[in-house]
Amino acid sequence: MTHPFVTIQITPESAPSTPSWMGEVAAFAQVLTHTGILKKIQDQVRFARARFGQYDLIDFIAVLIGYAVSGEPTLRAFYERLAPFAEPFMALFGRNLLPHRSTLSRFLAALDQSTVEALRARFQEDLLARKPFPSPGGVFDRTKEQWIVVDVDGTRQAARQRALPQTESLPAPHRRFEQVCAPGYQGRKRGEVVRTRTVMLQAHTHQFLGTFGGPGNGDYRGELLRAIQVITTYATKLGLSTASVLLRLDGLYGDAAPLIDVLTAGLGVIARSRDYHLLDLEVVRLALAHSPDRVCTHPESGMTRTLYDCKSIPLTPAGPQVRLVIATHGATSSSPAIGVERDGTVYELFVSTLPSPAFTASDVLDLYLHRGSFETVLADEDEEQDADRWYSHTPCGQEFCQILAQWVWNLRLELGMTLSSSDVRTTEFAQAKVVEPAQAVELPPVPKHTSPVTYGPPQWARPSFTRGFPGSAFPCNQMERCVARLIARSIHRSGAPSGMAPCGSCMPRGSAIVATVPCEPNVKKALKAASLGG
């Protein structure tokens with residue numbers, strides 16, 4: 001049944017609606033043009049290739065920026081949604097023609113490493129030149145010193161490959177992901193290959209500082225060295241001491257060699273260590289033999305850990321000296337996923353350069369466990385942009401797109417701060433308790449000459465209200481030892497003297513009448529019979 005006030009018009013011509021993300025793309029294009037970022041990319045990021053056609057590199061960058069902002073699941077879905085608005089979309093970036101999807105794929109496949117590094121350099125320059133936040137935030141320790149925490153960790157994307165027959169009569173299989181992926185950690189599904197992307201995140205502003213990718217597990221130590229260079233430049237640009245920048249690393253970097261790389265650069269570090277031979281050091285064994293420094297319980301998991309703090313231990317026999325916090329908890333029936341089990345106790349090691357008492361042992365543990373917020377940011381990135389999805393089947397094309405995705409993320413943070421300004425979150429620990437030495441209490445002087453104590457003459461005790469014997473009832477002198485002979489007046493059936501026998505020597509003698517009575521089981525009956533008999 002139709003409503004009388006509703007008019008429906010049907011036309012054979014298509015009238016698609018404007019994409020919901022087109023307004024955000026227009027805002028991004030305005031910012032990139034106004035700040036000169038598009039001009040710098042167009043002039044300083046160059047890529048020459050034969051048969052390039054009528055497109056320039058900036059055309060493909062405009063498409064990739066729109067793809068990152070749109071949040072469409074695939075490049076095909078993005079092009080289908082963009083096709084009716086191709087001309088106004090490119091006009092936002094000052095361009096005319098929209099490259100075809102296949103042309104974009106060929107462009108990404110043909111990129112070289114020099115072009116990727118040129119784009120990365122422009123990204124780093126823009127990151128250091130722009131200050132969207134009033135302050136970089138930080139962690140303030142118990143002595144009011146500021147620390148900037150930077151997370152460095154890898155994220156992985158898996159690609160499934162079908163099993164193909166391999167015989168001498170068949171040629172070698174050609175895999176689409178053979179350049180960008182490689183076999184990774186065990187535990188993946190059969191036939192899967194992975195690619196690792198190392199990400200640097202400023203933990204307080206949630207700005208990305210860079211990304212480095214590699215097939216398989218990646219070159220984690222080489223990528224860490226490149227991350228150290230970026231973080232050192234970032235700290236110098238902000239006027240911060242490199243020692244006040246704290247790198248938070250997981251167990252992948254828990255060996256001595258990566259940690260020495262960080263310490264050599266003068267940066268601070270807090271990491272989960274995998275060198276469990278440190279438990280065999282004499283200073284560590286002595287610390288474990290004493291009472292723990294702190295016992296803490298995680299508010300979410302409920303796990304209770306006992307903490308032992310070693311202020312200075314050698315990371316290697318030749319140094320350097322680091323701080324080691326040992327967290328222990330009871331073992332369960334299953335083997336521990338993290339840590340090492342010895343004699344029914346699980347040991348977890350945390351290496352840091354954080355001073356004491358500016359950071360207590362529980363502060364060090366809480367600061368490391370807070371790296372879970374890094375996983376939250378990566379989850380938000382996957383939901384909004386999905387930077388780990390496959391853009392290209394070549395390493396350079398994949399990394400080129402991921403750098404642009406991080407650039408878009410940082411610009412989104414800046415636009416958000418412009419629309420709704422708020423203070424950057426800072427973490428401040430309580431002040432350290434200063435133990436003051438106890439003040440000596442001066443006792444009043446004792447006078448040398450005191451008046452002698454005098455006593456009056458001895459007096460007999462008064463009669464007691466309980467009808468007891470007063471002192472006058474005893475003939476012997478109460479101030480001297482009794483000299484009367486001890487006489488046992490009462491003898492038990494067993495032959496042992498009575499307990500009152502010693503008192504008989506001091507009591508006056510009296511007379512007693514003894515009468516024989518028959519043995520009765522009840523004393524009351526015997527007494528009653530005796531009284532009746534006269």
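Buried here means under 20% relative accessible area, exposed means over 50%, and partly exposed lies in between, with a 1.4 Å probe and protein chains only. By that rule, 40% of the 534 residues of the chain count as buried.

This is a predicted model, in which local features need pLDDT of at least 70 and side-chain atom pairs count only at pLDDT 80 or more, while totals for chains, interfaces and linings use all residues. Residues are numbered from 1 along each chain as its sequence is written, and side-chain values use heavy atoms, with hydrogens and water left out.

**Overall fold**

The chain holds 14 helices and 12 strands. Helices (H or I, at least four residues) and strands (E, at least two) are DSSP runs, numbered from the N terminus. A contact means heavy atoms within 4.5 Å. Of the contacts in the chain with a separation of 6 or more, 65% come from residues 24 or more positions apart.

**Nonpolar cores**

A nonpolar core is a set of buried Ala, Val, Leu, Ile, Met, Phe, Trp, Tyr and Cys residues joined through side-chain atoms within 4.5 Å. In soluble globular proteins, nonpolar side chains tend to be buried together.

The largest nonpolar core has 52 residues. F78, F93, L104, F107, L108 and F400 have the most contacts inside it. At least two residues of this core come from each of α1 (22–34), α2 (37–44), α3, α4, α5 (86–92), α6, α7 (113–129) and α13 (395–419). The top contributor is α3, with 11 residues. Leaving out residues up to four places away in sequence, F78 touches W21, V63, G66, Y67, S70, E72 and F89.

**Strand pairing**

Two strands pair if DSSP finds at least two bridges between them.

| Pair | Sense | Bridges |
|---|---|---|
| β3 and β4 (208–215) | antiparallel | seven |

D151 has a bridge partner in β3, L201. In β5, the partner of D151 is R248. R160 is bridged to E192 of β3. F140 stands opposite Q146 in β2.

Strand β3 (residues 192–202) is mostly covered, with 10 of its 11 residues buried. R197 stands opposite G213 in β4.

Two hairpins deserve a look. The hairpin of β1 and β2 has five residues between the strands, and K144 takes a positive phi near 70 degrees there. In the hairpin of β3 and β4, five residues also lie between the strands, and H206 has a positive phi near 65 degrees.

**Cavities**

The search uses a 1 Å grid over the protein atoms alone. A cavity is a set of points where a 1.4 Å probe fits but cannot get out. A pocket is an open set with protein on both sides within 12 Å along at least five of seven lines. Lining residues have an atom within 4 Å of a point. Grid points are joined across faces, edges and corners, and a volume is the space filled by probe spheres set on the points.

Three cavities of 30 Å³ or more are found. The largest cavity holds about 90 Å³ of space. Its lining is F123, D126, L127, R130, P132, Q207, W407, N410, L411 and E414. Both α7 and α13 give two or more residues to that lining, and α13 gives the most, with four.

For residue classes, Ala, Val, Leu, Ile, Met, Phe, Trp, Tyr, Cys and Pro count as nonpolar, Asp, Glu, Lys and Arg as charged, and the others, Gly among them, as polar. The lining of the largest cavity divides into five nonpolar, two polar and three charged residues.

The second largest cavity has a volume of about 60 Å³. L32, I37, I41, I65, L404, W407, V408 and L411 line it. That lining has eight nonpolar, no polar and no charged residues. Here too α13 gives the most, with four residues.

**Second largest pocket**

The second largest pocket contains about 270 Å³ of space. Its lining has 15 residues, and Y67, T74, L75, W390 and Y391 lie nearest its centre. Two or more lining residues come from each of α3 (57–70), α4 (75–82) and α6 (101–110). The most come from α6, with four. By class, the lining has eight nonpolar, four polar and three charged residues.
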